[in-house]
Structures are given as structure tokens and as C-alpha cells.
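Here is a short tour for anyone meeting this structure for the first time. Please have a look around before reading on.

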Amino acid sequence: MEPGNQTAISKFLLLGLSEDMDLQPILLGLFLSMYLITVFGNLFIILAVISDSHLHTPMYFFLSNLSFADICFTSSTVPKMLVNIQAHSKAITYKGCLTQMCFFLIFGGLDSLLLTVMAYDRFVAICHPLRYTVIMNPRLCGLLLLLSWLICLTYSLLQSLMVLTVSFCQEIEIPHYFCELAQILKLACSDTLVNDILLYFLSALLGVIPLTGILFSYSRIISSIMCISSAGGKYKAFSTCGSHLSVISLFYGAGLGVYLTSGTAQPSRRGSIASVMYTMVTPMLNPFIYSLRNRDMKGALRRLFGRGTCSLSEIMEVRP
């Protein structure tokens with residue numbers, strides 16, 4: 001592209017999931033419902049962990065932080081999409097696009113690292129049960145959380161600064177419903193070789209290393225469980241990992257789909273569907289997976305709703 005065709009752009013156009021105007025009300029209702037379920041479902045998980053002393057353990061500490069990351073992860077993309085559908089607009093400002101991309105990278109990476117830390121927690125709990133409270137002490141939990149935040153903030157800041165060095169042409173249409181880094185780089189006029197190498201290298205690194213840690217932890221967990229003689233003991237040990245394994249499968253399965261389709265020359269509808277699974281469906285299902293398969297969490301939620309009902313009844317009685 002000739003230098004004369006480069007321009008200082010002020011906005012991008014997000015083409016969304018569909019150009020069909022008849023589908024827009026359906027998409028608005030569907031994604032608004034999914035977003036509200038995601039926010040309130042994960043918020044209830046956080047409130048249950050905070051309010052119930054039985055859940056003040058490392059596993060639920062990381063689970064509450066995962067729920068917070070899921071709320072922020074979904075909120076980085078979905079509200080803007082809903083506003084655009086409602087306003088029949090596709091525009092997003094240049095600064096808004098970079099901000100959205102920055103937060104998306106932070107909380108997407110944080111999800112991955114928190115799932116890895118939770119796998120390590122399960123490894124210690126099952127393979128070293130007598131030393132669990134000593135190893136997973138509050139100081140280590142805090143340090144693991146802080147390290148996860150620092151890695152994700154550094155990764156996002158580095159990618160965002162690299163995008164600022166890129167020049168864009170008059171073509172400003174992003175064939176997606178949010179500002180995905182790979183799609184933004186495809187609109188550049190200047191050379192993006194360094195950006196592309198950094199994008200795929202760091203993305204693979206942030207995916208492969210945590211996934212390797214998860215696979216190693218569960219290989220040791222399975223080995224330890226197989227050494228348990230009683231069937232009841234095996235079932236109890238497996239049940240403590242079932243929810244986490246389900247979330248990992250959803251997250252990394254959808255994430256792999258996004259990673260593979262983002263490198264294609266022409267974006268496809270399958271890539272958008274994979275992104276919906278990654279950014280909306282997985283965070284929405286996490287609270288259901290952890291609450292329906294976990295007796296402690298179900299009990300905490302019942303007590304939380306019970307206290308809320310009692311408080312509401314007292315307020316209604318006080319009113320004249």
C-alpha cells in the first residue's frame with residue numbers, strides 16, 4: 001500500500017455477527033440475556049464465597065477471582081455490541097477500540113492463568129493432602145494471584161503499545177463484533193511482521209505454558225487417584241475436579257478455535273461462532289458448572305438467598 005493512502009483514522013466499523021436487519025432484534029435479546037446471566041451468575045458466586053466462612057479456602061478464593069475475571073472479560077466486548085445493535089450503528093472510536101482490545105487481552109489471559117493456578121491447587125489437595133494447608137497458605141495464594149495479574153497486564157500493555165506503532169489505511173471495517181487484535185492488524189498499511197510474530201508467539205506462550213501446567217497437574221492427580229483402593233474414595237477425589245475439568249474443556253476448546261481461525265486470510269463465520277463460545281458462552285456456564293456439581297457451593301448459595309429473602313421480608317414488615 002502506498003504511503004499516500006495512509007490516514008490518521010478516528011474510528012473503526014465493527015461488522016458484527018450478521019448483516020441481516022431482521023436478525024438484529026433476536027441477537028439483541030439473545031446476547032442481552034446471556035450477558036445478564038453471566039454477570040449475575042458470577043456475582044452470586046463471588047457473594048457466596050465472601051459471605052460463607054466455609055468457603056474461605058484457596059480453591060474458592062481462586063474461584064471468586066475467576067468469576068470476577070469472567071464478568072470483566074465479557075463486559076469488555078458485549079456491552080458495546082449491544083449498544084451498536086440497539087443504535088443500528090457499527091462505529092467504535094479508535095481509542096475505544098484500543099481500550100476494548102486492552103481489557104480483552106488482560107481478562108482473557110487472567111482466565112487462563114487462574115485455571116492453571118486452580119489446577120495446581122487441586123494437585124496439592126489430592127497428591128499432598130496432609131501438607132495442603134501448609135503449601136497453599138494465604139501468602140502463596142496472594143502471590144499467585146498477583147503474579148497472574150502482573151503477567152496479563154504486561155502482555156496487554158506490550159501488545160497495545162505495538163499497535164500504536166501501526167499505520168492504518170482508509171479500510172476501517174473489522175469483520176467481527178469486537179476489536180480483536182489479529183483483525184486490527186489485518187487493516188494496517190505499514191509492515192506488521194513484528195506485530196504478527198509477537199501476537200502469535202505470546203498468545204501461544206500464554207496458552208501452551210498454562211495448558212502444560214494443567215495437563216501435568218492432572219496427570220499426577222489421576223495417578224494418585226488410581227492408587228486409592230476404595231471406589232468411594234476414587235469417586236470423591238474425582239468429584240472435586242469434575243467442575244474444574246469441565247470449565248477447562250470449554251475454555252481451551254473455544255480458545256483453540258479462535259486461535260486457529262484468527263490466522264486465516266479471510267475471516268469466516270466459524271471464527272465468529274468460536275469467539276461467541278469463548279467470550280460469552282463459557283463465562284455464562286461457569287457459575288452453573290461450579291454450583292450444580294458442588295454441594296458446598298449449593299449450600300452457600302441457598303444460605304445467601306435465604307438471608308436475602310429474610311432481609312427483604314424484614315424491610316417489607318417495617319414499611320407502614
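## A threonine and its neighbours

Setting aside neighbours within four places in sequence, Thr74 is in contact with Tyr35, Thr38, Pro79, Thr279, Met280 and Pro283. Contact here means heavy atoms within 4.5 Å. Thr74 sits in helix α2, which covers residues 58-75. Is Thr74 buried or exposed? Thr74 is buried, with a relative accessible area of 1%. Buried means under 20% relative accessible area, exposed over 50%, and partly exposed in between, using a 1.4 Å probe and protein chains only.

A word on the background: this is a predicted model, in which local features need pLDDT of at least 70 and side-chain atom pairs count only at pLDDT 80 or more, while totals for chains, interfaces and linings use all residues. Residues are numbered from 1 along each chain as its sequence is written, and side-chain values use heavy atoms, with hydrogens and water left out.

## The chain as a whole

The chain has eleven helices and three strands. Helices (H or I, at least four residues) and strands (E, at least two) are DSSP runs, numbered from the N terminus.

Of the chain's 320 residues, 47% count as buried. Among contacts with a separation of 6 or more, 79% are between residues 24 or more positions apart.

## The three-stranded sheet

Let us turn to the strands. In what order do the three strands lie in the open sheet? The order is β2-β1-β3, and the pairing is mixed. The edge strands are β2 and β3, each of which pairs on one side only. Two strands pair if DSSP finds at least two bridges between them. In general, strands of a sheet pair through backbone hydrogen bonds, either parallel or antiparallel.

Strand β1 (residues 11-14) pairs with strand β2 (residues 91-93) in the antiparallel sense, over three bridges. Here Lys11 stands opposite Thr93 in β2. With strand β3 (residues 173-174), β1 runs parallel and is joined by two bridges; Leu14 has Ile174 in β3 as its bridge partner. Side chains in a regular strand alternate between the two faces of the sheet. In β1, the covered face carries Phe12 and Leu14, and the uncovered one carries Lys11 and Leu13.

## Helices α1 and α2

The axes of helix α1 (residues 24-51) and α2 come within 9 Å and cross at roughly 155°, which makes α1 roughly antiparallel to α2. Axes are lines fitted to C-alpha atoms, for helices over the stretch in contact, and angles run from 0 to 180 degrees between N-to-C directions. Angles under 35 degrees count as roughly parallel, over 145 as roughly antiparallel, 65 to 115 as roughly perpendicular, and the rest as oblique.

The crossing of α1 and α2 is left-handed. A crossing has that name if the near helix is turned anticlockwise from the far one by less than a right angle, and is right-handed if clockwise. The residues that meet include Tyr35, Thr38 and Val39 in α1, and Phe68, Ile71 and Thr74 in α2. The residues of this contact of α1 with α2 divide into ten nonpolar, six polar and one charged. Ala, Val, Leu, Ile, Met, Phe, Trp, Tyr, Cys and Pro count as nonpolar, Asp, Glu, Lys and Arg as charged, and the others, Gly among them, as polar.

## Helices α4 and α8

The axes of helix α4 (residues 94-127) and helix α8 (residues 193-226) come within 9 Å and cross at roughly 20°, so α4 and α8 are roughly parallel to each other. This crossing is left-handed. The contact of α4 with α8 is made up of 13 nonpolar, five polar and two charged residues. Helix α4 also lies across β1, β2 and β3, running at about 85° to β2.

Most residues other than glycine have a negative phi. His88 lies in the loop between α3 (78-87) and β2, and is exposed, with a relative accessible area of 61%.

Thr192 belongs to the loop between α7 (181-185) and α8. At 12% relative accessibility, Thr192 counts as buried. Apart from neighbours within four places in sequence, Thr192 is in contact with Val166 and Leu185. Thr192 and Val166 are 26 residues apart along the chain, with their C-alpha atoms separated by 7.2 Å.
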